Amino acid sequence: MTRRWGRWIAGAIGIALVTAVSTARNPVFQGADPHAVMIDGEMWIFPTGGPGGSWAADRFGAFSSRDLDTWTSRGEILRRDQINWIGDDGAKAHFLWAPGVATRGGKWYLYYSVGPQNPTPSRIGVAVADAPQGPYRDSGGPLVTGGRQANGQFEAIDPMAFVDPRSGKAYLYAGGSAGAKLRVWELGRDMVSLAREVPIDQPPNFTEGAFMHERNGVYYLSYSHGRWNHPDYSVHYATARSPIGPWRYRGAILKSDASHQGPGHHSFVRTRNGAWLIIYHRWDALAGPGPLSGERQVAIDRVRYATDGTILPIVMTDGNEAPTLPGTGKRGE
Ligand code: FUB
């Protein structure tokens, strides 16, 4: 059935047909810092920006796909003018970026960065919803504030929450760029307050964009290293027996290659058939030492683990080489 006929039939029976915002595979759409989650077999991506460049730094949107081929917009989920504390620091400009979501007890939580760091400290906020697509309501104040602190500069960006499937405790990982410092907190049961900060060792080569996942009792802390708009931007990781370390540094798993530069700020998901995928951004078809120009693009690739649990180097793909989701009638994964 063509899209035109689909729209006509949907209109005739009173159903709104969701419009595709992208039908491309690697890269899937313009955007950065993609936090991907699987919801009932469907992949949802919460990025900075979004398809077509129309998603500015004053709002967040969500995008989803059942096959990783056709992406639909789940709409705008939070706008800067809905965050009533954002102007309290007196700064002239504020930008939203690097969202991360978590769910607990039927609620959805959207953690996000408010930058830049100068002239006033960056901040992390959190908004709450009853469904992944929102509407999200901000919780009323910043959860974490950056700036100069007793132990050095801290940039409060790149929040990522992780609910430990083993202990049920929820953690917030955050920090990056200037200062390149990772901090970890245990979240309160309400997910919108901090119970305590957890002292951790700094993982080697940490710059920003921390992500935590657990597989077979191993906790993988992965993160971006390098300058966000340079070819040295890459993903490294460390492992531990708990979500708060101590870490064993394992090196880089995703680095620039001949046709894709500066891959980073990623997330991992496990699909229904147990395969793992990495969702990240990169700059395509740009060579040279940087700074890279153009727009960052979201891409999805396969993650393979060796028998000892270490992650094998990730191969970046283009177009139809990219993974699809199982059970969609597309090339099997
Ligand atoms: O997109 C804004 C910033 O770029 C993020 O905070 C960093 O992780 C980098 O991806």
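## A tour of the rings and the ligand

Start by selecting Phe 162: this residue is buried, with a relative accessible area of 10%. Keep in mind as you go that this is a predicted model.

Phe 162 and Tyr 219 make one of them, edge-to-face, with 6.2 Å centre to centre and 90 degrees between the planes. Trace the chain and you'll find Phe 162 in strand 14 (residues 160-163) and Tyr 219 in strand 19 (residues 218-225), 57 residues apart.

Next, pick Trp 228 and Trp 283. Their pair is tilted, with the centres 6.1 Å apart and 45 degrees between the planes. Trp 228 sits in the loop between strand 19 and strand 20, while Trp 283 belongs to strand 23 (residues 276-284). Buried or partly exposed: what is Trp 228? Trp 228 is partly exposed at 40% relative accessible area, whereas Trp 283 is buried at 3%.

For a cluster joined by ring pairs, select Phe 29, Trp 55, Phe 63 and Trp 71. Then try two charges over rings: the charged end of Arg 183 is 4.6 Å from the ring centre of Phe 154, and that of Arg 215 is 3.9 Å from the ring centre of Tyr 305.

Last stop, the ligand. Show the residues around it, including Asp 33, Trp 97, Asp 158 and Arg 296. Zoom in on His 265, where a polar side-chain atom lies 2.7 Å from a ligand oxygen. For Tyr 233, a polar side-chain atom is 3.5 Å from an oxygen of the ligand. Overall, the protein covers 92% of the 270 Å² of accessible area the ligand has on its own.

How values were computed. Residues are numbered from 1 along each chain as its sequence is written. This is a predicted model: local features need pLDDT of at least 70, side-chain atom pairs count only at pLDDT 80 or more; totals for chains, interfaces and linings use all residues. Side-chain values use heavy atoms; hydrogens and water are left out. A residue is near a molecule or strand if one of its heavy atoms lies within 4 Å of it. A polar contact is a pair of N or O atoms within 3.5 Å; within protein, one must be able to donate a hydrogen and the other to accept it, and residues adjacent in sequence count only if both atoms are side-chain atoms. Accessible areas come from the Shrake-Rupley method with a 1.4 Å probe; for residues, only the protein chains shown count as cover. Rings of Phe, Tyr and Trp (its six-membered ring) pair if their centres lie within 6.5 Å; planes under 30 degrees apart count as stacked, over 60 as edge-to-face and the rest as tilted. Helices (H or I, at least four residues) and strands (E, at least two) are DSSP runs, numbered from the N terminus. Buried means under 20% relative accessible area, exposed over 50%, partly exposed in between (1.4 Å probe, protein chains only). A charge sits over a ring if NZ of Lys or CZ of Arg is within 6 Å of the ring centre and within 35 degrees of the ring normal.
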